[in-house]
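Please open the structure in your viewer and follow the stops below in order. Each stop says what to select and what is found there.

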Amino acid sequence: MPESVSVVCHACRIGLPLCDEPVARAAWWRFLDEHAHHPVEMLWEHSATWEVIDIDYIQVDSDIEGDPSFAEYAGDEWRGRPLALLPRPVAGAVAGITVRAQDVMDAGRWQAGPADAAVAERLLRTMDFAPPSDAVVDDAAVAARSAVARAASERLRRAAAEPLGESFGALLSDLLVALPPVADLPLDEPHTGSVRLAPPRLWDVERALRLIQHLLVGVSLRHAPAS
Ligand SMILES: [Zn+2]
């Protein structure tokens, strides 16, 4: 069986599997058109770069909610496109930190403090960020989502002030530098287009928090007491 190949744009954080059938080829032409001048890379199944592809990447033809099918990507039916294909600088910065942290954990160079697992688990109980890019919003939805993101950032900030293990404390500090100050999270931004999607900065921060959520699961599992 031939190795599968995907083309990935690291600026827009999207990947498209290459597939020899008409709709997938149409999606490929659209990808070329949209990302020709972006940092695009071809990835084989065993490419080392797969390690930087995280849950924030949109994957065409995946079964994740909000990700487009080949047909949606090739055509104009993907409602989330105007938001999903904007740069996500906060998520990108956080992704770099989480990849490095994961490497340190995998290499066993992680110094756990007694409070780390409890703090990670407590943070996780209040984090759940996965609104797809195509979710239509109104004023109330934007206000509610902004409030949730602000509260999560604030809890991270408070947790970083607790007595934590050296590694976890440094990790939280790095993440807080990458996240915008709580007061700067937008309640609203001007929107264009026929349907109203989430403000781009809010969505970027939500995706970043989702990456942090994913990392915290790893931290809490790592410190789970042996049974
Ligand atoms: Zn791109």
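How many bridges join β1 to strand β2? Select residues 14–17 for strand β2: 4 bridges join this strand to β1, and the two run antiparallel. Keep in mind during the tour that the model is predicted.

**Stop 1: the sheet**

Stay with β1 and β2 for a moment. Within this pair, Val8 has Gly15 in β2 as its bridge partner. The two strands form a hairpin with 4 residues between them. Pick Arg13 in the turn, where phi is positive, at about 55°.

Strand β1, residues 5–9, pairs with β3 in the antiparallel sense, over 5 bridges. Select Val7 and look across to β3, where the bridge partner is Met42.

Gly15 stands opposite Gln59 in β4.

Show the four strands together. They make an open sheet in the order β3-β1-β2-β4, with mixed pairing. Why is one side of β3 and of β4 left without a neighbour in the sheet? Both β3 (40–44) and β4 (58–59) stand at the edges and each has a single partner strand, so one side of each has no neighbour there. As background, strands of a sheet pair through backbone hydrogen bonds, either parallel or antiparallel.

**Stop 2: an aromatic pair**

The structure holds 2 aromatic pairs. For one of them, select Phe31 and Tyr73: the ring centres are 6.2 Å apart and the planes are at 40°, so this pair is tilted. Phe31 lies in helix α1 (residues 22–35) and Tyr73 in helix α2 (residues 70–74), so the pair ties together parts that are 42 residues apart in sequence.

**Stop 3: helices α4 and α7**

Two packed helices are described by the angle between their axes and the distance between the axes. Select residues 89–106 for helix α4 and residues 166–178 for helix α7; they pack at an angle of about 165°, with their axes 9 Å apart. The two helices are therefore roughly antiparallel to each other. The crossing of α4 past α7 is right-handed.

Show the side chains at this contact. From α4 come Val90, Ala93, Val94, Ile97, Thr98 and Ala101, which meet Leu171, Asp174, Leu175 and Ala178 in α7. By class, the residues of this contact divide into 8 nonpolar, 1 polar and 1 charged.

**Stop 4: helices α4 and α8**

Keep α4 and bring in α8. Their axes come within 8 Å and cross at roughly 10°. That makes α4 roughly parallel to α8. In this case α4 passes in a left-handed crossing.

Which residues of α8 make the contact with α4? On the α8 side, select Asp204, Arg207, Ala208, Leu211, Ile212, Leu215, Val219 and Arg222. On the α4 side, the residues include Pro89, Val90, Val94, Thr98, Met105 and Asp106. The contact of α4 with α8 has 12 nonpolar, 2 polar and 4 charged residues.

**Stop 5: helices α5 and α8**

The crossing of α5 past α8 is left-handed. Select Ala117, Ala120, Glu121, Leu123 and Leu124 of α5, then Gln213, Leu216, Val217, Val219 and Ser220 of α8, to see the residues that make the contact. They comprise 7 nonpolar, 2 polar and 1 charged residues.

Note on methods: Residues are numbered from 1 along each chain as its sequence is written. This is a predicted model: local features need pLDDT of at least 70, side-chain atom pairs count only at pLDDT 80 or more; totals for chains, interfaces and linings use all residues. Side-chain values use heavy atoms; hydrogens and water are left out. Two strands pair if DSSP finds at least two bridges between them. A crossing is left-handed if the near helix is turned anticlockwise from the far one by less than a right angle, and right-handed if clockwise. Contact means heavy atoms within 4.5 Å. Ala, Val, Leu, Ile, Met, Phe, Trp, Tyr, Cys and Pro count as nonpolar, Asp, Glu, Lys and Arg as charged, and the others, Gly among them, as polar. Axes are lines fitted to C-alpha atoms, for helices over the stretch in contact, and angles run from 0 to 180 degrees between N-to-C directions. Angles under 35 degrees count as roughly parallel, over 145 as roughly antiparallel, 65 to 115 as roughly perpendicular and the rest as oblique. Rings of Phe, Tyr and Trp (its six-membered ring) pair if their centres lie within 6.5 Å; planes under 30 degrees apart count as stacked, over 60 as edge-to-face and the rest as tilted.
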